[in-house]
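Work through the exercises below with the sequence and the model at hand. Try each task before reading its solution.

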Amino acid sequence: MFKLGEYDELTAKDLADRLREMKIRVDIRPSIVADLKIRPVLQGRFSELKNEIKDERTVKKYEHYLDALRKTFAEKPAPEEFYRRYQMYAVPKWVKIAERIEALMMERIRAEATTEETSSGESSQEAAQEPPAGPSPEETPHEETSPEAASISDEVDEEVDYDILIDNRAAAEFVEWVFSLNKLEMDEDPGDKLNDPIVAIPVIASDYSDHPMLRTNIHVSLEKAYDLYIDEWSVFTCEDPDKDFFDEFQNEAIQIMAINAILNNLTDMPPSGKVDMESFLHMCGVYMEMDSGIFNVDAYGVAEDLAKILEKNGVVKIKGDTIRWKKV
């Protein structure tokens with residue numbers, strides 16, 4: 001079986017359904033995975049770190065985050081609103097982007113709902129006016145997507161400065177450490193805990209080797225994941241990925257094309273009808289020059305596995321170091 005990728009539950013099920021429609025055999029295997037984050041930091045009172053951090057811009061950035069946290073506590077928001085309010089002060093540009101994404105998604109949902117209502121209404125009217133009969137292709141309503149919904153990704157990409165994404169992650173990480181190191185709760189009065197709190201600021205470890213305030217923060221998050229495996233031979237015999245599939249699952253479509261190309265190459269019987277394993281290994285590659293670029297597949301490292309797939313499906317017979325193609 002070929003491991004196509006690791007996904008969340010909904011994506012894995014959606015992708016598996018699409019692959020089955022293409023006649024590809026699919027196996028979903030749940031697993032627990034660890035998301036590991038290792039951060040070298042300088043840790044101590046903020047007043048002390050200001051004199052230790054070598055980059056002045058870094059000091060100003062984290063001073064800004066601390067200011068944002070103080071302002072948020074001063075407003076006493078409800079716990080469920082706390083982080084959003086903190087973001088408004090710490091990374092206001094990100095909040096605007098998030099609001100834009102939310103607005104675009106709402107437009108998309110409304111557009112889809114309108115389309116479904118229109119389609120349902122048209123179907124009801126046709127049913128009332130026409131005698132019962134199977135609909136012809138011309139009578140079948142087609143789902144349309146509004147221009148606003150269709151351009152969500154384009155509009156968001158135009159607005160996002162990826163430095164803002166990095167800034168947003170840094171702000172979130174900083175506030176998490178401040179809460180932990182100073183034993184703070186969102187719904188409490190921080191008192192004097194934020195006057196000069198203990199903080200952790202990420203650094204490049206080699207720049208602060210042997211520094212007494214250097215620490216290594218390790219965060220491990222255990223999560224549920226779904227590994228999706230596909231049968232290689234069913235990929236070889238399946239329907240080609242259509243444009244919609246390629247647009248939605250580009251990486252997976254390319255992997256399917258790669259498997260198909262390799263097996264298509266290997267099922268062609270060589271003139272002699274047989275080869276040794278070393279010669280077979282050299283057959284496990286595909287190189288194609290196309291108008292759009294180069295398509296190159298390197299499968300040399302899995303030559304033995306590919307030979308076994310061919311044998312299992314009746315294409316070849318393996319005996320010792322010899323691979324012999326069966327006559328059809």
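The model is predicted, so local features need pLDDT of at least 70 and side-chain atom pairs count only at pLDDT 80 or more, while totals for chains, interfaces and linings use all residues. Residues are numbered from 1 along each chain as its sequence is written, and side-chain values use heavy atoms, with hydrogens and water left out.

**Exercise 1. The chain as a whole**

Describe the secondary structure, burial and contacts of the protein chain.

Step 1. The protein chain has 13 helices and nine strands. Helices (H or I, at least four residues) and strands (E, at least two) are DSSP runs, numbered from the N terminus.

Step 2. Of its 328 residues, 36% count as buried. Buried means under 20% relative accessible area, exposed over 50%, and partly exposed in between (1.4 Å probe, protein chains only).

Step 3. Take the contacts between residues at least 6 apart in sequence: 71% of them join residues at least 24 apart. Contact means heavy atoms within 4.5 Å.

**Exercise 2. Salt bridges**

Step 1. A salt bridge is a side-chain nitrogen of Lys or Arg within 4 Å of a carboxyl oxygen of Asp or Glu. The whole structure holds 14 salt bridges.

Step 2. D227 pairs with K3 at 3.7 Å, N to O. This pair links distant parts of the chain, with D227 in strand β4 (residues 214–230) and K3 in strand β1 (residues 2–7), 224 residues apart. D227 is buried at 10% relative accessibility, whereas K3 is partly exposed at 40%.

Step 3. R20 pairs with D17, also by a salt bridge, at 3.7 Å, N to O. Because they are three residues apart in helix α1, about one helical turn separates them. R20 is partly exposed at 41%, and D17 is partly exposed at 42%.

Step 4. R70 and D67 form a salt bridge at 3.8 Å, N to O. They are three residues apart in helix α3, so about one helical turn lies between them. R70 is partly exposed at 31% and D67 at 37%.

**Exercise 3. A buried charge**

Step 1. Locate E252 in helix α11 (residues 250–267).

Step 2. E252 is buried and has no salt bridge; R18, the nearest side chain of opposite charge, is 10 Å away. Lys and Arg count as positive and Asp and Glu as negative, while His and the chain ends are not counted.

Step 3. Set aside the neighbours of E252 within four places in sequence; its contacts are then L4, Y7, L15 and F245.

**Exercise 4. Positive phi values**

Step 1. K23 has a phi near 70°, a positive value in a residue other than glycine. K76 is not a glycine either, and its phi is positive at about 50°.

Step 2. K23 sits in the loop between α1 and β2 (26–45). K76 sits in the loop between α3 (56–75) and α4 (79–90).

Step 3. K23 counts as exposed because its relative accessibility is 58%. K76 counts as exposed because its relative accessibility is 72%.
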